[in-house]
Amino acid sequence: MMGHLVVRNLFHRPMRTLIGVAAIGVEVMLVIIIVGLTSGILRETAKRIEGIGADIMVQAPAAQILIGFSGSPMPIKIADKIAELRYVQAVSPALLQFNSSGGVDVVYGIDRDTFRDVSGGFVFLAGHDMEGPDDLIIDDWAAKAKKLKVGDSFNLFNHDWKVAAIVEHGKGARLFVPIATLQDLVGARDKASIFLVKCTHPDHTEDVMAEIKELLPNHPVRPLKDFMTLMTSTNIPGLQTFINAMIALAVTIGLLVIFLTMYTTVLERTRDIGVLKSLGASKVLIVRALLAETSLLCLFGIAAGVGLSYLVRAGFLFLWPTLSILITPEWVLRAALIALTGALFGASYPAWVASRKDPVDALTYD
Amino acid sequence: MPITVTIRTITDGTLDPERKPLEPILKTENLWKLYHAGKVEVPALRGVNFEVFPGEAVAVMGPSGCGKSSLLYVIGGLARASRGQVLVDGNDLTAMGDAERTKLRRSKIGFVFQRFNLLPTLTAKGNIAIAQYIHGDGYDPHRFAVVTKMLGLEGRLHHKPSEMSGGEQQRVAIARAIINEPKILLADEPTGNLDTKNSDIVLEMLRRLNKDLGQTIVMITHNPEATTYFDRVVHMRDGIIVDGVPAD
């Protein structure tokens with residue numbers, strides 16, 4: 001019977017219910033999309049780095065796991081030193097440059113031959129390998145997103161490049177240019193951001209890593225097969241804080257809207273609350289009824305939020321095809337629990353106010 | 001079904017001494033109710049002594065502001081007495097906390113209000129059934145059928161309050177009040193919002209409840225004609241009972 005009352009009450013003011021559902025929906029969607037966007041980008045980046053085919057990556061001391069932001073602080077000659085180590089088959093320097101013009105990309109400046117040696121080479125879908133200093137290799141996703149084809153000109157870092165090839169995605173970056181040209185453009189002559197190392201056999205990875213650590217103390221030396229596990233929001237400085245702040249913001253929006261919705265509900269139903277009290281309804285029953293109504297509102301909001309998340313993801317991917325938004329059941333559940341907890345917290349004060357209403361005042365309320 | 005108790009009264013409005021039960025079901029002793037308007041204490045009840053016996057139908061009359069509604073709220077456990085004693089079926093309301101008074105209301109008191117006070121989102125059936133739910137025994141279809149038939153509500157059960165006339169709404173309110181077989185039915189000007197025809201219907205319903213089912217009723221009214229349906233009339237003025245002296 002109480003469930004019947006809760007459902008009827010919820011639909012008594014459809015616009016107010018709709019606003020509550022929308023607020024919870026936006027809250028859930030924000031949590032899912034923010035987490036999905038960060039974890040999607042990280043996962044996709046990690047996958048591409050793993051996909052290079054090298055065994056080890058060497059970075060400069062104090063470099064971040066998010067390699068696109070690490071600059072180019074290492075002398076390129078380090079590659080020769082690493083190449084001399086036992087079990088090292090090939091070493092390739094790469095200069096990484098972050099580009100935010102016309103999209104967010106990390107551009108790899110590579111040496112064509114050594115990159116082929118460590119990675120096994122690109123899978124060419126169209127065009128040919130780098131031949132000139134202005135040649136640009138682009139992966140299929142980026143080519144689609146930027147609407148580029150072989151032979152097109154593309155401006156990057158205030159430099160006009162010619163699209164030499166479209167390759168299969170998954171080799172570290174989406175855009176590749178000759179390292180020497182990029183070094184000149186960014187003023188980093190003879191410098192590299194990372195060194196990619198290929199061992200004579202994957203079993204020698206640990207040995208080679210140990211030797212590199214001895215040669216280059218304080219330089220992070222990471223096995224690429226573990227990169228996926230390293231690329232988490234907790235390993236990126238400030239990222240987890242950003243995610244937490246965004247979740248807190250989303251929860252605050254939901255909480256305040258639910259608070260306002262339930263507070264106005266309680267005010268509007270003052271007389272009804274008086275009636276329930278005259279019938280002998282306890283404070284617990286009144287609190288329970290209002291919290292049940294909030295929970296039901298929240299369930300509708302969660303369903304709307306999950307649907308909205310998929311809609312927003314589809315919209316994002318339509319506009320920016322290279323983006324990766326990872327929606328996982330785990331985070332859908334977490335977002336639902338966060339929204340439900342926030343909503344119940346937001347409704348608890350109005351419910352408490354309702355339960356403490358004087359029945360006579362409530363019955364004579366106009 | 002409750003045991004039918006018929007209380008015969010003599011023509012002057014007092015109870016037949018031979019049939020009068022020993023213990024009143026409702027009794028107040030020196031009952032005071034003070035309200036606070038800022039720092040000023042306003043007495044609504046000033047030492048009310050009042051008794052109602054099982055099966056009695058008592059009308060309380062008096063001018064506006066004389067304390068009739070305050071008396072009803074205090075004896076119904078909705079408001080706390082400031083001083084004095086209220087005994088309902090042997091339970092001292094003044095010694096009870098909020099939760100205990102709530103429990104007592106649930107099991108022993110039924111209310112009917114002037115403005116019907118039906119829950120607008122529920123149908124007539126829902127409004128009656130929710131009282132059964134709150135009472136804790138759940139929905140009793142037999143009792144429900146008996147009460148709704150007696151009040152002539154069978155055809156209106158799936159209508160919301162906004163789809164019913166005032167008289168119908170008040171009959172639903174009466175059904176809700178008696179569905180759990182309360183010891184006392186308290187009615188606060190139940191005909192105050194009704195036209196003459198519907199007033200007569202509602203008063204006749206209350207009279208039948210009293211005569212046929214032995215329901216104890218205390219009704220507040222302004223309407224002198226309404227008192228003809230009741231065993232006894234109590235007059236109030238300035239927060240006290242002035243029995244035997246017409247207050248209006």
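Predicted model: local features only at pLDDT ≥ 70, side-chain atom pairs only at ≥ 80, totals over all residues.
## Overall form of chain A

In chain A, the secondary structure amounts to 13 helices and 12 strands. For its 366 residues the globule rule gives 21 Å, but the radius of gyration of chain A is 29 Å, which is well over that value, so the chain is more spread out than a compact globule. Taken along the principal axes, the box filled by the C-alpha atoms of chain A is roughly 90 × 45 × 30 Å.

## Two helices of chain A

Two packed helices are described by the angle between their axes and by the distance between those axes. In chain A, helix H1 (residues 2–12) and helix H11 (residues 283–319) have axes that come within 9 Å and cross at roughly 55°, and because of this angle H1(A) is oblique to H11(A). The crossing in which H1(A) passes H11(A) is right-handed.

Which residues of H1(A) meet H11(A)? From H1(A) come Met2(A), Leu5(A), Val6(A), Val7(A), Asn9(A) and Leu10(A), and from H11(A) they meet Ala289(A), Ala292(A), Glu293(A), Leu296(A) and Leu297(A). Sorted by class, the contact of H1(A) with H11(A) has nine nonpolar residues, one polar and one charged.

## A sheet in chain B

Strands of a sheet pair through backbone hydrogen bonds, and they may do so in a parallel or an antiparallel way. In chain B, six strands form an open sheet with mixed pairing, in the order S6-S7-S8-S3-S9-S10. Strand S6 (109–112) and strand S10 (240–241) of chain B stand at the edges with a single partner strand each, so one side of each has no neighbour in the sheet. Strand S3 (residues 57–61) and strand S9 (residues 232–237) of chain B run parallel and are joined by four bridges, and Met61(B) has His235(B) in S9(B) as its bridge partner.

Helices also pack on this sheet: helix H5 (residues 166–178) of chain B touches S6 and strand S7 (184–188) of chain B, and its direction makes about 170° with that of S6(B). Helix H6 (residues 196–213) of chain B lies across S3, S7 and strand S8 (216–221) of chain B, and runs at about 155° to S8(B).

## Where the chains meet

Between the two chains, 22 residues of chain B are in contact with 19 residues of chain A. On the chain B side, the elements that give two or more residues are helix H2 (98–108) and helix H3 (124–135) of chain B, and H3(B) gives the most, with seven residues. By class, this side of chain B has 14 nonpolar, five polar and three charged residues.

Conventions:
Residues numbered from 1 in each chain as written. Chains lettered and ligands numbered in written order. Contact = placed C-beta atoms within 7 Å. Nonpolar A, V, L, I, M, F, W, Y, C, P; charged D, E, K, R; others polar. Axes fitted to C-alpha atoms, helices over the stretch in contact; angles between N-to-C directions. Parallel < 35°, antiparallel > 145°, perpendicular 65-115°, else oblique. Left-handed = near helix turned anticlockwise from the far one by under 90°. Pairing = 2+ DSSP bridges. Rg over C-alpha atoms; globule rule 2.2 N^0.38 Å.
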